[in-house]
Amino acid sequence: MEGRCGEGSHTQSPSCAAVRSRKPCMDTGKHREKASSKKTEPRRATRPSSSDTRGLNGTSTEKRLRYSDCDYTPLCPLLSVAALSLCTRFYRITEPPHVCWDETHFGKMGSYYINRTFFFDVHPPLGKMLIGLAGYLTGYDGTFPFIKPGDKYEHHNYWGMRGFCAVLGSCLPPFAFLVVLELSHSTPAALITASLLIFDTGYITLSQYILLDPILMFFIMGAVLSMVKFNHQRLRPFSWSWWLWLLLTGVNLSGSLGVKFVGLFNILLVGINTAWDLWRLLGDLHLSLVDFMKHLIARMFGLIMLPLFLYTTIFAVHFVILNRSGPGDGFFSSAFQSRLIGNNLHNATMPEYLAYGSIITLKNLRIAGGYLHSHWHLYPEGVGAHQQQVTAYLHKDYNNLWLVKRPNSDVDPLSWRQCVSLIRHGDIIRLEHKETTRNLHSHLHEAPLTKKHLQVTGYGINGTGDPNDLWQVEVCGGKKGDPVKVLRSKVRLLHRSTGCVLYSSGKTLPKWGWEQVEVTCSPYLKETPNSQWNIEDHVNPKLPNISLHVLKPSFLEILLESHIVMIRGNSGLKPKDNEINSKPWHWPINYQGLRFSGVNETEYRVYLLGNPVIWWLNLFSLGLFVVMVSLCCVALQRGAKLGGTKKGKQVLMEGGGLLFLGWLLHYLPFYTMGRILYYHHYFPAMLFSSMLTGYVLAFIHLFYLFHPLSYGMNGPLAHDPTSSMAGLRWLDSWEF
């Protein structure tokens, strides 16, 4: 007999049996007597698959309804799980009363939302928006600077932001309880899972501070719970509950992706489950193609269109709130900056097209590429030619200004200043540094840091120089004759003598270079953001000015740019010198934790480390699950008769297989990432391994209880207290 209150399962919990005895789920004793007296074929108690049923287009019969109308959730265990979870997360929530680890970043970003100040982060904005909202609603005024870990909060109301994260972190054990209960129909399995998450020290720590992790995992578990609940509604297509869980799945998918790009792994899990579900529907010959298309369109709406709309809405709100200039300006294009109140480009006017005689600033398009910059300081002896330094500088400065000149320095300046000639794709120019009057120059000396590149310097006096000062303007994606537009054109400068291209390497120069960014001339001509520049400031009194308002990018343009910047930012998070970089193989074995706060005996110390018993048990259960499934598959392939455990095998492989797949999808991709990794990146995968542990342990326990059903019984009957099956006859209809 399978099912909890009439649903398919390999076990039956006592609590569910009690409910069955009180309310027999549309199956009265009269019906059972009638079935027994006629010796008819026993009614199937399993939940039919899509191929076993007819009319999955919403016309359910009474027989179908009996499998889903009697859902039973043990409220006492669930409420106990929720209460314990809240207590463990909120205990000493305000300690320590100073900034811990990444609270420096995410608390500060919450403040930026309250102050409407634009910033840049490598993650999508939802998590920081929610942190800022929680702080605002609990009286935080956004004035705490969040400079570094250890800074005292003093009178600032930080508890609201921590409390919000703790609430979402407290939802993880109840969500996991419901997921495992839904998949295994076993209250013991669900309780084991919830206990692992409630009492794991790592999850408690992550839930008590202003971090994105509890918010991310809340949406991940919300999506998984909604997905398995939706799968359970298979026999009620297009009912209100079917639509509810489908749409909730989509909402949680957009939420997980809106917090971190790790949400993509969750989307992949739901996508695989949905594809398999649709494949089974396609194989149901009782389902018309019209009805199949209804299922397909419904899933496309709920799992693609709705999440995409909500995800886009998150960014729309993000851009509306953060409308003031801030520390994130320099990471974005000049056109993007023109929409920010307080930025020098906001509501500014300047000539639209570049011309000879213009004074400009050039901004590199790589993340934090900075402005083309020079100053009176020279390269030190032994570093290329002993000429004037040219760098990239992240801040706006008078030394960022360059005068655009014609290639022939012998021309009388007054003659060409009297007429205006636009610069077009393919034209040759000189760039004279406005402050020092030296020309942008390159030659056959290696760059100071990037040895395969050539050095870029400032050379000449009062604009006079040599042929190594000539650069060809190339508009990316343009053709000969196209004018160079302010803000909008991506420009490359090709050195005429050597054929290399002006390049910002992103490497920081030593103290002799004032720790500014190295600028080189790269012999590799492939178009990259490092070799692309745009004109930001532009002064030319002989050209008409236009308002930059007409050049402001559209919402879709800034949405695309923000994603490009975030992706580049993620890929650029490389380990620094002497910085400990956690390895993915470290995580499942709990090899090393992460220091949140404090380094000596006089400080309040917080260290993120999982409970070793729980983590090693999870690792053991992962291996055990693989062995169990492998043995089942081999036995079935050899034609073995598994008897009473056959349905248990199906539950193990389907429900457990979903959890195992979730663990793989949230863990294995980190082996392919080149960015810096930390221990906390494993915790979403740990959710799935913890659920699988409860699943496997309960399965083994219940298999042991009912193993006589698999291999035969002897001795007293079940009603005898000395029987091996005494106490296991939970339903009167079980005739052993």
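1. Secondary structure and overall build. The chain has 21 helices and 16 strands. The model is predicted. The chain runs to 736 residues, and 54% of them are buried.

2. Contacts along the sequence. Take the contacts in the chain between residues at least 6 apart in sequence. Of these, 74% join residues at least 24 apart.

3. The structure contains 6 cavities of 30 Å³ or more. For the largest cavity, the volume comes to about 110 Å³. Its lining has 13 residues, and those closest to the centre are Phe119, Asp121, His123, His318 and Met566.

4. Make-up of that lining. By class, the lining of the largest cavity splits into 8 nonpolar, 3 polar and 2 charged residues. Two helices each supply at least two of the lining residues: helix 14 (289-321) and helix 17 (555-571). Helix 14 gives the most, with 3 residues.

5. The cut-off matters here: buried means under 20% relative accessible area. Phe175 counts as buried because its relative accessibility is 18%. Phe218 is buried too, because its relative accessible area is 17%.

6. Aromatic pairs, a loop-to-loop case. The rings of Trp587 and Tyr682 have centres 6.3 Å apart and planes at 45°, so this pair is also tilted. Trp587 sits in the loop between helix 17 and strand 15 (594-597), while Tyr682 sits in the loop between helix 19 (646-667) and helix 20 (683-705), so the pair ties together parts 95 residues apart in sequence.

7. Trp587 has a relative accessible area of 0%, so Trp587 is buried. Tyr682, at 2% relative accessibility, likewise counts as buried.

8. Helix 17 (555-571) supplies at least two residues of the lining of the largest cavity.

Definitions and conventions: Residues are numbered from 1 along each chain as its sequence is written. This is a predicted model: local features need pLDDT of at least 70, side-chain atom pairs count only at pLDDT 80 or more; totals for chains, interfaces and linings use all residues. Side-chain values use heavy atoms; hydrogens and water are left out. On a 1 Å grid over the protein atoms alone, a cavity is a set of points where a 1.4 Å probe fits but cannot get out, and a pocket is an open set with protein on both sides within 12 Å along at least five of seven lines; lining residues have an atom within 4 Å of a point. Grid points are joined across faces, edges and corners, and a volume is the space filled by probe spheres set on the points. Helices (H or I, at least four residues) and strands (E, at least two) are DSSP runs, numbered from the N terminus. Ala, Val, Leu, Ile, Met, Phe, Trp, Tyr, Cys and Pro count as nonpolar, Asp, Glu, Lys and Arg as charged, and the others, Gly among them, as polar. Buried means under 20% relative accessible area, exposed over 50%, partly exposed in between (1.4 Å probe, protein chains only). Contact means heavy atoms within 4.5 Å. Rings of Phe, Tyr and Trp (its six-membered ring) pair if their centres lie within 6.5 Å; planes under 30 degrees apart count as stacked, over 60 as edge-to-face and the rest as tilted.
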